[in-house]
Amino acid sequence: MSVKTSQWEPFLDVCAALHKHPVSFGTKLRKLREAQRLEHTVHYLHTGEHKTSQILWNIEELTKFFAANQPRREG
């Protein structure tokens, strides 16, 4: 069992923790960032100043975001 040392995790760790496929989930996260639905320093953090720098993710905040934005089921 790994010990969590930071709130910021690399993308593949986030995919594993949330049980998401990296390709489709990566596309979804990119679109949410571009639409400004995910906030920088809240949901994600760039590790450098360049556009292609690694992005780290906050698993707790992403979990809250997706829980609050689930489509409603009709019963």
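## How helices 2 and 3 cross, and what surrounds them

In this predicted model, helix 2 and helix 3 have axes that come within 14 Å and cross at roughly 85 degrees. That makes helix 2 roughly perpendicular to helix 3, since angles of 65 to 115 degrees count as such. From helix 2, the residues Phe25, Lys28, Leu29 and Leu32 take part in the contact, and they meet Leu62, Phe65 and Phe66 of helix 3. By type, the residues of this contact are six nonpolar, no polar and one charged.

Let's stay with helix 3, which spans residues 59–68. Which of its residues are buried? They are Ile59, Leu62, Phe65 and Phe66. These residues lie on the same side of helix 3, because they cover an arc of only 125 degrees around its axis. At the start of helix 3, Asn58 is worth a look: one of its side-chain oxygens reaches to within 3.1 Å of the backbone nitrogen of Glu60.

Helix 1 has its own buried and exposed sides. Val14, Cys15 and Leu18 are buried in helix 1. Their arc around the axis is only 100 degrees, which puts them on the same side of helix 1. Leu12 and Ala16 are exposed on the other side of helix 1. Covering the buried residues of helix 1 are elements that include strand 1, helix 2, strand 3 and helix 3. After helix 1 comes His19, with a positive phi near 60 degrees.

Ser53 sits in the loop between strand 2 (44–46) and strand 3. Is Ser53 buried or exposed? Its relative accessibility is 16%, so Ser53 counts as buried, the cut-off being under 20%. Leaving aside neighbours within four places in sequence, Ser53 is in contact with His46, Thr47 and Gly48.

| From | To | Distance |
|---|---|---|
| Ser53 side chain | Gly48 backbone oxygen | 3.2 Å |
| Ser53 side chain | His50 backbone oxygen | 2.9 Å |

Key: Residues are numbered from 1 along each chain as its sequence is written. This is a predicted model: local features need pLDDT of at least 70, side-chain atom pairs count only at pLDDT 80 or more; totals for chains, interfaces and linings use all residues. Side-chain values use heavy atoms; hydrogens and water are left out. Buried means under 20% relative accessible area, exposed over 50%, partly exposed in between (1.4 Å probe, protein chains only). Helices (H or I, at least four residues) and strands (E, at least two) are DSSP runs, numbered from the N terminus. The arc is that of the directions from the helix axis to the C-beta atoms. A polar contact is a pair of N or O atoms within 3.5 Å; within protein, one must be able to donate a hydrogen and the other to accept it, and residues adjacent in sequence count only if both atoms are side-chain atoms. Axes are lines fitted to C-alpha atoms, for helices over the stretch in contact, and angles run from 0 to 180 degrees between N-to-C directions. Angles under 35 degrees count as roughly parallel, over 145 as roughly antiparallel, 65 to 115 as roughly perpendicular and the rest as oblique. Contact means heavy atoms within 4.5 Å. Ala, Val, Leu, Ile, Met, Phe, Trp, Tyr, Cys and Pro count as nonpolar, Asp, Glu, Lys and Arg as charged, and the others, Gly among them, as polar.
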